[in-house]
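This briefing is written for a reader who has the coordinates open.

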Amino acid sequence: FDDAEKAFKSALAVAESRRDFYWQAWALNNLSLCSKRQRHYEESLDYGLRAAAAANRVSAHRVEALANGNLGSIYSFLGDANSALKHEERAVKVFRDIGAQSNLMAALGELALMYERQGDHESAVANHLRAFETAEKLNSPRDAERFAENLSAAYINSGQWDKAQEWNERA
């Protein structure tokens, strides 16, 4: 991670010197990801918030959505479920708005897992289903299988055994 962090910090310094918020957003988001992988969540959170703000400033929607998805997982690690959901929902909305279907599929899956951890099985099922449908639309059988498994587990957690069995068989 040291070499990657050095490269991203160098890229950030150049982007800052040029007042290039687009490249600042990318560098900050990558620094946030590096910090998160090293479990430096507070540092990752700072980089992620700065990335989302820089991306928003120049309407760099994909970077904004990626930063918000990353922030969702950081807040989840930190135990702040409300902030996690807020940022993941923002990522889903932006990915949907810009038509980034593969990113949308992943964000829907993450959002579903967050709802599941909160015990909101209805929202979890709805988002797992949307992720599954997106995977099928993208002709991504491995992702569809994973989301079918997640749907089965969500139905088990909500006590809907027939539906759990149905989705388990589809997986």
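The model is predicted: local features need pLDDT of at least 70, side-chain atom pairs count only at pLDDT 80 or more, and totals for chains, interfaces and linings use all residues. Residues are numbered from 1 along each chain as its sequence is written, and side-chain values use heavy atoms, with hydrogens and water left out.

**Overall fold**

- The protein has 9 helices and 0 strands, where helices (H or I, at least four residues) and strands (E, at least two) are DSSP runs numbered from the N terminus.
- The pattern along the sequence is α-α-α-α-α-α-α-α-α.
- Along the principal axes, the C-alpha atoms fill a box of roughly 60 × 30 × 25 Å.
- Of the 171 residues, 44% count as buried.
- Taking contacts (heavy atoms within 4.5 Å) between residues at least 6 apart in sequence, 50% join residues at least 24 apart.

**Nonpolar cores**

- A nonpolar core is a set of buried Ala, Val, Leu, Ile, Met, Phe, Trp, Tyr and Cys residues joined through side-chain atoms within 4.5 Å.
- The largest such core has 41 residues, and Phe-95 and Phe-132 have the most contacts inside it.
- Helices H2 (21-37), H3 (41-57), H4 (61-78), H5 (81-98), H6 (101-117), H7 (121-137), H8 (141-157) and H9 (161-170) each supply at least two residues of this core.
- H6 gives the most to this core, with 7 residues.
- A second, separate core has 5 residues, including Ala-25, Ala-54, Ala-60 and Val-63.
- Leaving aside residues up to four places away in sequence, Phe-95 touches Arg-62, Ala-65, Leu-66, Ala-100, Asn-103, Leu-104 and Ala-107.
- As background, nonpolar side chains tend to be buried together in soluble globular proteins.

**Aromatic pairs and charges over rings**

- Rings of Phe, Tyr and Trp (its six-membered ring) pair if their centres lie within 6.5 Å; planes under 30 degrees apart count as stacked, over 60 as edge-to-face and the rest as tilted.
- The count by this rule is 4 aromatic pairs.
- Tyr-41 and Phe-77 form a stacked pair, at 5.0 Å centre to centre with 20° between the planes.
- This pair links distant parts of the chain, with Tyr-41 in helix H3 and Phe-77 in helix H4, 36 residues apart.
- Tyr-41 is buried at a relative accessible area of 18%, whereas Phe-77 counts as exposed at 52%.
- Phe-132 and Trp-167 form an edge-to-face pair, at 4.8 Å centre to centre with 85° between the planes.
- Phe-132 lies in helix H7 and Trp-167 in helix H9, so their pair ties together parts 35 residues apart in sequence.
- Both Phe-132 and Trp-167 are buried.
- One aromatic cluster is formed by Tyr-22, Trp-23 and Trp-26.
- A charge sits over a ring if NZ of Lys or CZ of Arg is within 6 Å of the ring centre and within 35 degrees of the ring normal.
- The charged end of Arg-170 sits over the ring of Trp-167, 4.3 Å from its centre.
- The charged end of Arg-146 sits over the ring of Phe-147, 4.4 Å from its centre.

**Largest pocket**

- On a 1 Å grid over the protein atoms alone, a pocket is an open set of points where a 1.4 Å probe fits, with protein on both sides within 12 Å along at least five of seven lines; lining residues have an atom within 4 Å of a point.
- The largest pocket holds about 330 Å³ of space, with grid points joined across faces, edges and corners and the volume taken as the space filled by probe spheres set on the points.
- Its lining has 19 residues, of which Gly-69, Asn-70, Glu-88, Ala-106 and Glu-110 lie nearest the centre.
- H2, H4, H5, H6 and H8 each supply at least two lining residues, and H6 gives the most, with 6 residues.

**Loop residues with positive phi**

- Most residues other than glycine have a negative phi.
- Ser-59 has a positive phi near 55°; Ser-59 lies in the loop between H3 and H4 and is partly exposed at 45%.
- Asn-139 has a positive phi near 55°; Asn-139 lies in the loop between H7 and H8 and counts as exposed at 65%.

How values were computed
Buried < 20%, exposed > 50% of the residue type's maximum accessible area, 1.4 Å probe, protein only.
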